[in-house]
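Trainee: Please take a close look at the pockets of this model. I would like one connected account.

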Amino acid sequence: MELSERARLLPRVSRLAELPSSFCSDEDDDGDLPCRDMAQQDPWPWCPPRPSPFSRCVRCLAFLWNLLFLLLGLLLLALGVWGLLAKAAQHLGAPLGSDPMLLFLLGGLGASAVSLAGCLGALRASPCLLRFVLGALLTLGGLQVLGGLLLVLARRRLRDLLRDLLLLCLLRYRDDPDLQFLMDEVQRSLQCCGLDSYRDWESNPYFNCSSPGVQACGVPGSCCQDSPQSGSVPNAQCGFGALALGPAAAGAVVHVGGCEAALGAWLRSQAGAIAVGATALVLVEAVGAFMALRVLRDAVAFRAWG
């Protein structure tokens, strides 16, 4: 009896295979039942579910979204590689374990890997790649939220870390080009000098008054009062001998206030902008996670009919 039933259904299966895809519409021209009704009557589903226009739009947007961040990740990766190669060419044999360009390199590599998986996952509707992207975005967003909470709860520890960083820049000013660049930018932008005052430069072996070099009893040029005009070369010798002057006389030549207080005040004034930027970054990741989740749901639903 079962064999005869299958023999009766086989001609219908062959005819359905020859019909165009419009046969899966809700109303057929010949008055036949739609596919979903046949699936209820017959033992096999004839047509897989079609993605809605919204699903197709989300899939296209997910591909373009990940393509944009793939290009940004490759740009960061290229910048990190260029920075490391340039420093290696200037300082042969210098250790690169603490180089700031490693952040660009690792950040660009991670962003490129996740974005490439997102592009391929949206293009091929691969549940495996989409799950990887979704997991990476959720993990990154969770770490950012946790880091923000820790910064709020450990503000005193953050101040200590900033002080230690400034002290490290001051002590290794001539030994590390990256720390020298960072200290010069802080002193020039915030119009400050040293950690607590300009006299902190006595702790540096190159600027100490007992040093045999020409920079003895001096401060870096980034401490000077007169900033260079546009296109002019800064005077690197304007701070020579500043440590031998009193506070009043030195104040006419260099900035005498320390950078710790100035940097803390600047961070407090920029707290709102930092919070807005961090929130925007989390929202961008949330949008990417939503699109990956939507495409993943459609891909899983489609493969369930395969």
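Predicted model: local features only at pLDDT ≥ 70, side-chain atom pairs only at ≥ 80, totals over all residues.

Mentor: Start with the second largest pocket. Its volume is about 500 Å³. The lining holds 26 residues, and Phe69, Ala111, Ser115, Leu137 and Leu140 are the closest to the centre. Helix 3 (53–90), helix 4 (101–124), helix 5 and helix 10 each give two or more residues to this lining. By class, the second largest pocket is lined by 17 nonpolar residues, eight polar ones and one charged one.

Now the largest pocket. Its volume is about 910 Å³. Here, too, 26 residues form the lining. Nearest the centre lie Leu151, Arg155, Leu158, Ala271 and Ile274. The elements with two or more residues in this lining are helix 5 (127–153), helix 6 (155–171), helix 9 (259–269) and helix 10 (271–303). The class make-up of the largest pocket is 17 nonpolar, four polar and five charged residues.

Ser222 sits in the loop between helix 7 (177–190) and helix 8 (247–251). Is Ser222 buried or exposed? Ser222 counts as buried because its relative accessible area is 6%, and the cut-off is under 20%. Its side chain makes a polar contact of 2.7 Å with the side chain of Gln187. Beyond the neighbours within four places in sequence, Ser222 touches Tyr173, Asp184, Gln187 and Arg188.

Notes: Residues numbered from 1 in each chain as written. Heavy atoms only, no water. 1 Å grid on protein atoms, 1.4 Å probe; cavity = no way out; pocket = protein on both sides within 12 Å on 5 of 7 lines; lining within 4 Å. Points joined across faces, edges and corners; volume = space filled by probe spheres on them. Helix = DSSP H or I, 4+ residues; strand = E, 2+ residues; numbered from the N terminus. Nonpolar A, V, L, I, M, F, W, Y, C, P; charged D, E, K, R; others polar. Buried < 20%, exposed > 50% of the residue type's maximum accessible area, 1.4 Å probe, protein only. Polar contact = N/O pair within 3.5 Å; in protein donor to acceptor, adjacent residues only side chain to side chain. Contact = heavy atoms within 4.5 Å.
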